[in-house]
Amino acid sequence: MMFFKKRKFPRDEDGDVLHELDKYGCDFSVEQTVEFVIDVPNESSGKQVLEVLKKEGYKCELDHDEEEELWTVYCFIDMMLTYEGIVEIQNNLRDLVTPLDGEIDGWGVGFEDQ
């Protein structure tokens, strides 16, 4: 029988997500593809955000939800899951997208049960 030491994370929104990922068996010893969600008010703003992020080397795509009339930029980053890394990337993205009316709306990781 294996026992896993639970990791400790700060008690905030990002720490809570990392805690849940740990609880459900996400492998923190390998890189994960983290999806950062950026809300934008319209297609024009979304295209500007996309252009700026791609120039900075980020892999992103623009999505339009026709039912809800929402525009969203998804940014995918392969990285080790650390609290500091998540916060740093969100801060970098926020600095880039805020002047273009973009707003960070969280992040997530898709993973298979280990």
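Predicted model: local features only at pLDDT ≥ 70, side-chain atom pairs only at ≥ 80, totals over all residues.
We have four strands in an open sheet, ordered E2-E3-E1-E4, and the pairing is antiparallel. Out at the edges sit E2, residues 59-65, and E4, residues 103-109, each with pairing on one side only. Going from one strand to the next, the twist averages 25°. As a quick reminder, strands of a sheet pair through backbone hydrogen bonds, and they can do that parallel or antiparallel.

Now, how many bridges hold E1 to E3? Nine, with E1 covering residues 32-40 and E3 covering residues 70-79. If you want to find your way along that pair, Thr33 has Asp78 as its bridge partner in E3, and Phe36 stands opposite Cys75. On to the E1 and E4 pair: these two are antiparallel as well, joined by five bridges. A handy landmark there is Asp39, whose bridge partner in E4 is Glu103.

Next, the helices. H3, residues 83-97, lies across E1, E3 and E4, and it runs at about 145° to E4.

Then there's H1, residues 13-23. Which of its residues are buried? Asp14, Gly15, Leu18, Leu21 and Asp22. Look down the helix axis and those buried residues fall within an arc of 120°, so they line one face of H1. Among the things covering them are H3 and E4. Have a look at both ends of this helix, too. At its start, a side-chain oxygen of Asp12 comes to within 3.2 Å of the backbone nitrogen of Asp14. After H1 comes Gly25, with a positive phi near 90°.

Last stop, the core. The largest nonpolar core has 29 residues, and the ones with the most contacts inside it are Phe36, Leu53, Leu81 and Trp107. Who contributes? H1, E1, H2 (that's 43-55), E3, H3 and E4 each put in at least two residues.

Leaving aside residues up to four places away in sequence, what does Phe36 touch? The list includes Val73, Tyr74, Cys75, Ile77 and Met79, then Ile86, Ile89, Gln90 and Leu93, and also Gly106 and Trp107. Okay, that's me done.

Terms used
Residues numbered from 1 in each chain as written. Heavy atoms only, no water. Pairing = 2+ DSSP bridges. Axes fitted to C-alpha atoms, helices over the stretch in contact; angles between N-to-C directions. Contact = heavy atoms within 4.5 Å. Buried < 20%, exposed > 50% of the residue type's maximum accessible area, 1.4 Å probe, protein only. Arc of directions from axis to C-beta. Polar contact = N/O pair within 3.5 Å; in protein donor to acceptor, adjacent residues only side chain to side chain. Core = buried A, V, L, I, M, F, W, Y, C linked by side-chain atoms within 4.5 Å.
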